[in-house]
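Thanks for passing this one along. Here are my notes, in numbered points you can check against the model as you read.

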Amino acid sequence: MTSGIEERIAHGRGQGVFALGSFRKGDILYLGMLDDRPIGNHSHASQISKTGFGFHKGLSSKFNHSCDPNCGIILNESGGHNIVAMRDIAAEDEATYDYAMRNFRIEHFTSSCGCGHANCRGSITGWKDLPQQRKEDYAGFVAPYLIEMDVESAADRKQT
Ligand SMILES: [Zn+2]
């Protein structure tokens with residue numbers, strides 16, 4: 001399943017992941033398999049549950065963030081995150097997802113976002129910082145615990 005992508009130099013953005021062939025909306029570009037390395041707080045660790053963080057095997061950490069991504073996240077049965085085409089992707093396109101699709105808060109990326117899209121948020125922020133419209137745009141392509149965390153933080157706000 002991962003044969004259709006390749007790590008390459010992304011101009012101005014270090015390494016990135018590129019499609020070798022075309023993908024249709026819903027196709028899996030990267031099948032998420034978690035690594036069992038012990039982890040600390042690390043910029044390449046991804047949130048994998050409400051409180052857990054982990055590393056994925058393979059090219060997962062090479063995908064660049066975009067504020068206008070062509071891929072999203074779907075949690076699979078192993079607890080890993082598949083990276084799935086959110087729209088059709090042509091061969092040679094860079095595949096990106098929004099890091100807010102799996103991390104509720106993002107504190108590691110203090111520099112500005114270089115995705116270059118018209119709707120760039122300016123910095124790489126987490127799910128909690130996304131506008132409601134963006135959350136709706138991403139429906140079905142985000143880690144499900146983010147939705148639960150939204151519900152819980154709304155309930156917390158009511159109590160205080
Ligand atoms: Zn951006």
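1. Of the contacts in the protein with a separation of 6 or more, 65% are between residues 24 or more positions apart. Please keep in mind while reading on that this is a predicted model.

2. On secondary structure, the protein has 2 helices and 9 strands. Followed along the sequence, the pattern reads β-β-β-β-β-β-β-β-β-α-α. The radius of gyration is 15 Å, close to the 15 Å that the globule rule gives for 160 residues, so the protein is as compact as a globular protein of that length.

3. Buried residues make up 41% of the 160 residues.

4. Four strands form an open sheet in the order 1-2-9-6, and the pairing is mixed. Strand 1 (5-9) and strand 6 (64-65) are at the edges, and each has a single partner strand, so one side of each is left without a neighbour in the sheet.

5. Which way do strand 6 and strand 9 run relative to one another, parallel or antiparallel? Strand 6 and strand 9 (residues 94-97) run parallel, and 2 bridges join them. Within this part of the sheet, His65 stands opposite Tyr97 in strand 9.

6. Now the metal site. The zinc ion has four protein donors, all through SG atoms: Cys67, Cys113, Cys115 and Cys120. These donors lie 2.3 to 2.4 Å from the zinc ion. Along the chain, their spacing is C-x45-C-x1-C-x4-C.

7. Why is the arrangement around the zinc ion called tetrahedral? The 4 donor atoms subtend angles of 107 to 111°, and four donors count as tetrahedral if all angles lie between 85 and 135 degrees. The arrangement is therefore tetrahedral.

8. Cys113 has a relative accessible area of 11%, so Cys113 is buried. Cys115, with a relative accessible area of 12%, is therefore buried too.

How values were computed
Residues are numbered from 1 along each chain as its sequence is written. This is a predicted model: local features need pLDDT of at least 70, side-chain atom pairs count only at pLDDT 80 or more; totals for chains, interfaces and linings use all residues. Side-chain values use heavy atoms; hydrogens and water are left out. Donors are N, O and S atoms within 2.8 Å of the metal (3.2 Å for Na, K and Ca); water is not among the atoms, so sites may look incomplete. Four donors count as tetrahedral if all angles lie between 85 and 135 degrees; four count as square planar and six as octahedral if opposite donors are over 155 degrees apart and all others between 65 and 115; anything else is irregular. Buried means under 20% relative accessible area, exposed over 50%, partly exposed in between (1.4 Å probe, protein chains only). The radius of gyration is taken over C-alpha atoms; the globule rule is 2.2 Å times the number of residues to the power 0.38. Contact means heavy atoms within 4.5 Å. Two strands pair if DSSP finds at least two bridges between them.
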